[in-house]
Amino acid sequence: MLLEAVSSFFGNPLHLTVLIVSWTLALISFLHWREHPEARYLYAHLFFLFVPLLDFAVAVPCQIPFVQGLLTFCSVVVTRTIIFLIPVALLLAVVLGYHVAPAVYRRMYSAKQVRDARFEKLARKAGLSGTRFWVLDTAKPIAFSIRKDVLMSVGMFELLRRKEQDAVLLHELGHVRQKSSLAKFSLSLARWFSPVAHFASVDTRISAEERAADRFAIRMQGTARHLKTAKHKLSQYSE
Amino acid sequence: MKNTVGEFDSILSPLEQDVLTVIWPDKKLRVRQIYDKLKSKRKLALSSVAVILDRLHERSVVGRKMETGRGGVRYIYYPKSDKRNFEKSVVEDAVNKLIKHFGSTAVSYFNERFARRR
């Protein structure tokens with residue numbers, strides 16, 4: 001029944017047009033606002049997921065048995081939206097955010113996988129195996145991790161001294177370690193709700209995870225000095 | 001050829017001019033090398049030099065390539081053209097902009113001006 005609803009939705013030229021238009025707008029937003037990442041992801045996300053899913057939720061009929069069983073007031077638009085939007089958004093977000101987003105990010109910055117002896121030594125020291133190191137082709141100082149990948153920009157290498165680079169790499173390896181635990185995995189499920197939220201995690205926000213990663217880097221290096229000076233240099237970097 | 005680009009005040013910022021002054025004769029330099037050459041003349045941060053070089057790269061005034069060394073991965077910056085060609089491209093850009101914005105008015109002015117010179 002649900003499959004029928006999906007196929008009839010895609011068979012309708014009106015909904016198909018909405019889908020094509022909103023995905024085109026998502027692509028335009030993504031390409032246009034290169035200088036404003038927050039606007040870029042907000043609008044790209046809105047057009048890519050929210051608009052088509054809202055259209056789907058409103059269009060889908062109430063006769064689907066599981067929907068009727070779940071809530072009797074299916075005809076209320078908000079309820080229908082919640083019923084259809086959340087599971088489909090979650091599924092798409094998991095697939096896109098977890099599998100597609102890292103590849104998009106690597107391509108965006110022309111990332112190159114590098115076998116770096118220093119990184120491998122640090123990863124071993126952090127008790128991690130199977131980690132990969134990528135260099136991002138940008139002069140902006142950026143470093144982040146996705147799953148078992150640690151990515152650091154040329155700009156970061158240029159701005160920091162060796163020990164400071166190590167501190168940043170250990171901070172990111174700290175994130176990789178956090179994610180490997182089941183508890184963190186479950187917590188990060190909330191982030192998967194949106195693929196854009198996955199991108200947004202690149203921002204160096206002061207959060208519990210960030211502090212834990214800092215503590216890990218400090219413990220591994222035996223001093224907070226290098227992480228502190230690295231952060232100071234990064235805070236001084238201006239556009 | 002002079003090694004100063006002071007005459008580009010309206011096109012380049014003072015730091016951009018200083019960076020180009022260093023990079024034109026030396027051809028291929030890393031951010032830190034440029035910073036080392038400039039810091040004796042003026043007070044500045046390494047990050048400022050990195051930002052300026054990135055900006056000049058975005059404007060295609062300088063090119064760069066990645067190089068792996070002892071301190072990790074670095075960019076090697078090099079000028080895309082010498083001073084004379086850079087001047088030419090600035091003039092070309094300015095003329096193109098004038099023609100784009102003022103169309104036939106700009107073109108007829110150029111004709112008048114060239115006729116006067118002849």
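Leaving aside neighbours within four places in sequence, which residues is B:Val19 in contact with? Select B:Val19 and find out; the partners are B:Ile34, B:Val49, B:Ile52, B:Leu53 and B:Leu56. Keep in mind throughout that the model is predicted.

**Stop 1**

**Stop 2: two crossing helices in chain B**

Now select residues 14-26 of chain B, which form helix α1, and residues 46-58 of chain B, which form helix α3. The two axes come within 10 Å and cross at roughly 85 degrees. An angle from 65 to 115 degrees counts as roughly perpendicular, and α1(B) and α3(B) are therefore roughly perpendicular to each other. To see where they meet, show the side chains of B:Leu15, B:Glu16 and B:Val19, which α1(B) contributes to the contact. From α3(B), the contact takes B:Ser48, B:Val49, B:Ile52, B:Leu53 and B:Leu56. By type, the residues of this contact are six nonpolar, one polar and one charged.

**Stop 3: chain B as a whole**

Colour chain B by secondary structure. Five helices and three strands make up the chain's elements. Read from the N terminus, their order is α-β-α-α-β-β-α-α. Chain B has 118 residues, of which 25% count as buried. Among contacts in chain B with a separation of 6 or more, 35% are between residues 24 or more positions apart.

**Stop 4: the sheet of chain B**

Select the strands of chain B. How many strands form the open sheet, and in what order? There are three, in the order β1-β3-β2, and the pairing is antiparallel. Strands of a sheet pair through backbone hydrogen bonds, either parallel or antiparallel. At the edges stand β1 (29-30) and β2 (62-69) of chain B; each has a single partner strand, so one side of each is left without a neighbour in the sheet. Look next at β1(B) beside β3(B): these antiparallel strands are joined by two bridges. To find a bridge, select B:Leu29, whose partner in β3(B) is B:Tyr77.

**Stop 5: the side of chain B that touches chain A**

Show both chains. The contact takes 14 residues from chain B and 14 residues from chain A. On the side of chain B, the elements that give two or more residues are α3 and β3 (72-79). Of the elements of chain B, α3(B) gives the most, with six residues. The residues on this side of chain B divide into nine nonpolar, three polar and two charged.

**Stop 6: B:Lys39**

Select B:Lys39, in helix α2 (residues 31-39) of chain B. B:Lys39 has 13 C-beta neighbours inside 10 Å and so counts as partly exposed.

**Stop 7: A:Thr131**

Move to chain A and select A:Thr131, in the loop between α6 (117-125) and β2 (132-136). Is A:Thr131 buried or exposed? A:Thr131 is buried, because 20 other C-beta atoms lie within 10 Å, and 20 or more is the cut-off for a buried residue. Not counting residues up to four places away in sequence, A:Thr131 touches A:Ala123, A:Lys148, A:Val150 and A:Val176.

**Stop 8: two serines with positive phi**

Most residues other than glycine have a negative phi. Select A:Ser110, which is not a glycine and has a positive phi of about 45 degrees. A:Ser110 is in the loop between α5 (77-108) and β1 (112-113) of chain A, and is exposed, with 11 other C-beta atoms within 10 Å.

Finish at B:Ser60, in the loop between α3 and β2 of chain B. The phi of B:Ser60 is also positive, near 60 degrees. With 10 other C-beta atoms within 10 Å, B:Ser60 is exposed.

Technical notes:
Residues are numbered from 1 along each chain as its sequence is written. Chains are lettered from A and ligands numbered from 1 in the order in which they are written. This is a predicted model: local features need pLDDT of at least 70, side-chain atom pairs count only at pLDDT 80 or more; totals for chains, interfaces and linings use all residues. Axes are lines fitted to C-alpha atoms, for helices over the stretch in contact, and angles run from 0 to 180 degrees between N-to-C directions. Helices (H or I, at least four residues) and strands (E, at least two) are DSSP runs, numbered from the N terminus. Angles under 35 degrees count as roughly parallel, over 145 as roughly antiparallel, 65 to 115 as roughly perpendicular and the rest as oblique. Two residues are in contact if their C-beta atoms, placed from the backbone, lie within 7 Å. Ala, Val, Leu, Ile, Met, Phe, Trp, Tyr, Cys and Pro count as nonpolar, Asp, Glu, Lys and Arg as charged, and the others, Gly among them, as polar. Two strands pair if DSSP finds at least two bridges between them. A residue is buried if 20 or more other C-beta atoms lie within 10 Å of its own, exposed if 12 or fewer, and partly exposed in between; C-beta atoms are placed from the backbone.
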